[in-house]
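Hi,

Here is the structure I promised to pass on.

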Amino acid sequence: MLADLVPHPSGRLPVFGDALKVSPKTRIQDLLTLGRELGPIFEVRIRSARFVIVSSPEIVAEVCDDGRFTKKVVGGVAEMRSVLRDGLFTAHTDEPNWRLAHDILQPAFSQAAMRRYHGTMIDISDELMADLDTWVGRPVEIVNELTKFTFETVTRCGFNYHPDSFARTGPDPVAASLMNIVHRAQAPGFQFPVLRRYKARQKTLKNARDTAHIRGVVDELIRRRVTGESDDAPDLLGAMLNSADDVTGQVLDSDSVANQVLTFIFAGYVTTAAALSFALYHLVTDPDVHRKAREEVDTLWPIGSGPLAYEQVTKMRYLRRVLDESLRLWPTGPAFTRQARKDTTLAGRYPMKAGEAVTVHVPLLHRAPLWGDDPERFDPDRFLPDRIKKRPAHSYKPFGTGERGCIGRQFALHEALIVLASMLHRYDLAGDPGYQLKIRETLSLRADGFNLWLSRRTDGPARPQDRTREPMSVGGGETLDEQACPHLKGEA
């Protein structure tokens, strides 16, 4: 086995393996520490499970070759199949509905589609700003407010579902049920066998109840759209119900549509809110970065001008670099697993059998030597075009890879830039000087316990709800990724 040929941590224990060095609550951070010690390929064993971790750009380039390797659904992602089934995130590549859904949904993330979503994103951003106004002068754990925004955005732009997150005292029931399942998907610590079996039965029963609730809501959403009880719309749900494969003419059945709806809800809001929490943390802890970002926003979107236009968002190059650098240090999709399609040799020296798997540890990859002598330093200029061109193609992977990469990344990046620009436009931002970044790990990463203090800029605009939005035109031009992000081109 490949695992027998690569380094492993010292002090391995019988039965438990390396369990004392890799905690279920901090596994990504613990593996980051081990990777610094053991190098770009190593193995860990947690009781009976064995994992090979890779992180050098050269090895990652090999495992990202879709001709030799493909996605392997493991761990918490595999646990989510109980609710998401063969949705884009949890499907096996050889499942036919994955390819069909991927091909049908690609146009729903085109430039023209993004322009259609922009107005709704601005509406929801205005609601967020009005909500944040109520926090002026007191600390707000910002990721909670950002989660309301991203949940509203993915559900309203994607499915015309209005959770009214800013009017609720608690989370939307669909979001709450999804997060219950996510939390149960985390690997538990050591448990005696009897307790482990009991916990597994309880998890199965609770997941079944939450899944039934979620799918009931989504099935009703689809039924109302199909029967005409709700208006059709040029959104993700409309694309799935009204489109067919260009070659075969095949369409998605109702179960497959429901799986994709749930996938986009699950994958489309927690990760974006988490990415925003890291970007805001770095903005308020680096005065020079904060100043440059504020200056760019004020130049492109002057105080007192109308609503933020699509074209203005695409020109915010420095703010985009802030977001990219945040995702470099703490990618909210911190790992992905690839399995060999056939027998092969990795890095010219490690034979692999078909089906054997390796896991790409993205934070380790993003701290490889090619990033310089101080990879922990936050520096948005790492993403200047000339510096991007000098780096290997597979050195930056915050959205997965290849045909199994995040299909909705353009959507997520656009909404994230709207929020960052809107907050810089409206508020003076400050963090707690005593706060030390703490990472919370679930299936994603987020800044935990991070509070912001907001104060209205004295020359700020009118309250969001008092503004009148100019109609958005649809025209030509490059997408945001094509304009400023050659490091992401070619990823599907």
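The buried residues of helix 9 pack against helix 4 (81–84), helix 7 (142–159), helix 8 (173–184), helix 10 (236–242) and helix 11 (254–285). Contact here is heavy atoms within 4.5 Å, and buried is under 20% relative accessible area, with exposed over 50% and partly exposed in between (1.4 Å probe, protein chains only). Helices (H or I, at least four residues) and strands (E, at least two) are DSSP runs, numbered from the N terminus.

Before you dig in: this is a predicted model, where local features need pLDDT of at least 70, side-chain atom pairs count only at pLDDT 80 or more, and totals for chains, interfaces and linings use all residues. Residues are numbered from 1 along each chain as its sequence is written, and side-chain values use heavy atoms, leaving out hydrogens and water.

Back to helix 9: its buried set is Asn 207, Asp 210, Thr 211, Ile 214, Arg 215, Val 218, Leu 221, Ile 222 and Arg 225.

Strand 1 pairs with strand 2 (residues 49–54) in the antiparallel sense over six bridges, and Val 44 sits opposite Phe 51 in strand 2.

Cheers

How values were computed
Pairing = 2+ DSSP bridges.
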